[in-house]
Amino acid sequence: KNLPAWPPGSASMMSRSFLLLALSCALFSASSAFSLAPSASLLPSALLSSSSSAIKHAPFSLGLRGERRQRVRLHMQDASWEKKSPEDALALMQGEEYTYVDVRTSDEYAAAHPEGALNCQAFAPTPEGPMPMASTFVKLMENNFEKDAKLLIGCQSGKRSTMACTWLTQAGFSNLVEVETGFSGWSSAGLPVKKP
């Protein structure tokens, strides 16, 4: 069967539509720029002087800005990392030289955080709720830690840390431990907390 004839002028309309679509795709796929904001106050002095081999560059800053405001579709996988209670996490920090990475926002971290923890936020706060910053978060982690570094990943209650562990696992990090119940559980258990 012959295809029905297109209405007059539709070819030019389609050409313009395809051009607009191509431009939109190009803009969407363009990589967003990010930079490391100088915020040394986010790094505990005890860890700045640490000789831990897990940290490749110190001092380093994990402040974030310039991330494209785009929702990231998350493909959650079965957890391939360990989960530990806050008490067990503290024991790993003290006995096995694990580094606690707090993935909450810089404001949450500044208000209070587990003593000895570093901050690398994985989500940006927006009026609609936390916005994933997977690519920037993973890049910062790759720039500052070896893929086999012993890392404790914690947030406020456990939701953001699960997503952060998913991204890090997909990027090849192999020695992750998620802190169950996050900072809420840590502070409720009476474990050491750093405040301003």
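The model is predicted, so local features need pLDDT of at least 70, side-chain atom pairs count only at pLDDT 80 or more, and totals for chains, interfaces and linings use all residues. Residues are numbered from 1 along each chain as its sequence is written, and side-chain values use heavy atoms, without hydrogens and water. The protein has seven helices and nine strands; these are DSSP runs numbered from the N terminus, with helices being H or I of at least four residues and strands E of at least two.

**Sheet**
- Five strands form an open, parallel sheet in the order β1-β8-β7-β2-β4, where two strands pair if DSSP finds at least two bridges between them.
- β1 (82–84) and β4 (118–119) are at the edges with a single partner strand each, so one side of each lacks a neighbour in the sheet.
- Strand β2 (residues 99–102) pairs with strand β7 (residues 151–154) in the parallel sense over four bridges, and Thr-99 stands opposite Leu-151 in β7.

**Burial**
- Of the 196 residues, 41% count as buried; buried means under 20% relative accessible area, exposed over 50%, and partly exposed in between (1.4 Å probe, protein chains only).

**Loop residues with positive phi**
- Glu-97 is not a glycine, yet has a positive phi of about 60°.
- Glu-97 lies in the loop between α3 (86–95) and β2 and is exposed, at 61% relative accessibility.
- Thr-181, also a residue other than glycine, has a positive phi near 70°.
- Thr-181 sits in the loop between β8 and α7 (182–188) and is partly exposed, with a relative accessible area of 41%.
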